[in-house]
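My notes follow the order in which I looked.

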Amino acid sequence: MSEETANGREGNAHSGQPRQAQEPEPAPAAAQLDEHAAPTAMPSPPQMSAQPQMTAAERVRVAARRRDETDYIFNYWSALGWTILTLGIYGFYVFYQLVRRMRDHNARRLELLDAATTVAWEQAGRQGVQQEMAPSFERAAGHLAVLRQMTGDFREPVIWLVLAIVARGITEIVAIVLLDQDLIKHSQAEAGAGHELSVIYDRLGRHVPAPGQGQVKGPDNYVGRILAAIFSLGIYMFWWFYNQMDEPNKHFTSNWAQEDELVKAVEAAS
């Protein structure tokens with residue numbers, strides 16, 4: 001027996017404490033967090049003990065509280081006035097917020113709707129109706145997948161701002177078209193998920209109003225708008241910017257009433 005092995009055994013005998021260097025115990029906890037995950041994908045013990053995860057109900061409440069951070073509401077005339085007074089400099093801040101708020105709103109709503117779906121699935125399990133309600137949950141998951149895919153789109157506001165500074169007119173038109181398409185796709189997927197959650201929570205005994213058709217954005221005639229901007233020597237862009245501020249404003253505020261009811265239903269179910 002080597003001297004190093006003997007010293008190791010002697011140290012363990014005197015300490016009377018379990019060895020912590022290898023930490024074999026956290027492995028079952030990782031399996032409880034995700035029983036379907038492959039062993040190689042499980043987090044290491046130090047990462048697991050860093051912070052307890054929020055429950056699905058807590059995720060819903062946190063996401064709802066964050067709407068003051070993400071759902072920026074524009075006042076067009078105030079934005080226009082400051083842009084004129086600053087000789088166009090404030091317009092860059094407006095452009096930054098246009099890109100940022102759509103990206104952050106989508107991420108927040110995805111978190112809220114995903115967590116609310118998880119709460120409903122758990123409640124359906126307690127009531128023994130998961131199999132019966134599986135089609136509604138599958139349809140909701142499909143809509144949420146669209147919102148999740150959108151989080152990977154190139155919508156970094158700082159980079160778009162730099163591009164706008166370098167090539168202002170062209171960048172702004174491209175960004176406005178992309179943001180409008182984002183709002184269309186987002187509102188359709190969000191309304192679909194909201195409708196399924198309304199059906200699901202009603203089945204669980206918790207009423208949540210379904211989204212109205214007014215929450216779904218219709219497509220614009222982009223070619224016509226671009227031609228109008230060209231032939232008006234850019235004057236039409238003032239109206240286009242107004243639309244880009246006002247339509248998301250209405251979309252955000254129309255979300256909030258249903259969102260509040262969804263939070264109440266989640267609190268009651270959990």
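**Salt bridges**

I searched the whole structure and got 23 salt bridges. I counted a salt bridge where a side-chain nitrogen of Lys or Arg lies within 4 Å of a carboxyl oxygen of Asp or Glu. The model is predicted, so local features need pLDDT of at least 70 and side-chain atom pairs pLDDT 80 or more, while totals for chains, interfaces and linings use all residues. Residues are numbered from 1 along each chain as its sequence is written, and side-chain values use heavy atoms, with hydrogens and water left out.

I looked up arginine 103 next. Its side chain meets that of glutamate 156 in a salt bridge, at 3.3 Å from N to O. Arginine 103 lies in helix H7 and glutamate 156 in the loop between helix H8 (130-150) and helix H9 (157-166), so this pair ties together parts 53 residues apart in sequence. I took helices as DSSP runs (H or I, at least four residues), numbered from the N terminus. Arginine 103 is partly exposed at 33% relative accessibility. Glutamate 156 is partly exposed at 30%. My cut-offs were buried under 20% relative accessible area, exposed over 50% and partly exposed in between (1.4 Å probe, protein chains only).

Then I checked arginine 203 and found a salt bridge with glutamate 132, with the closest N and O atoms 2.9 Å apart. This pair links helix H10 (residues 168-203) to helix H8, across 71 residues.

Lysine 250 pairs with aspartate 246, with 3.2 Å between the closest N and O atoms. The two are 4 residues apart in helix H12, about one helical turn. I also noted a network of salt bridges with shared partners, which joins Arg67, Asp71, Arg108, Arg109, Glu190, Glu259 and Asp260.

**Cavities**

How many cavities of 30 Å³ or more are there? I got 2. A cavity here is a set of points on a 1 Å grid over the protein atoms alone where a 1.4 Å probe fits but cannot get out; lining residues have an atom within 4 Å of a point.

The largest cavity holds about 80 Å³. Its lining includes Arg103, Asn106 and Asp182. Helix H7 (residues 89-127) gives the most to this lining, with 3 residues.

The second largest cavity has about 40 Å³. I listed Leu98, Arg101, Met102, Leu179, Gln244 and Pro248 as its lining. H7 and helix H12 (236-269) are the elements that give two or more residues to it. H7 gives the most there, with 3 residues.

Definitions and conventions: On a 1 Å grid over the protein atoms alone, a cavity is a set of points where a 1.4 Å probe fits but cannot get out, and a pocket is an open set with protein on both sides within 12 Å along at least five of seven lines; lining residues have an atom within 4 Å of a point. Grid points are joined across faces, edges and corners, and a volume is the space filled by probe spheres set on the points.
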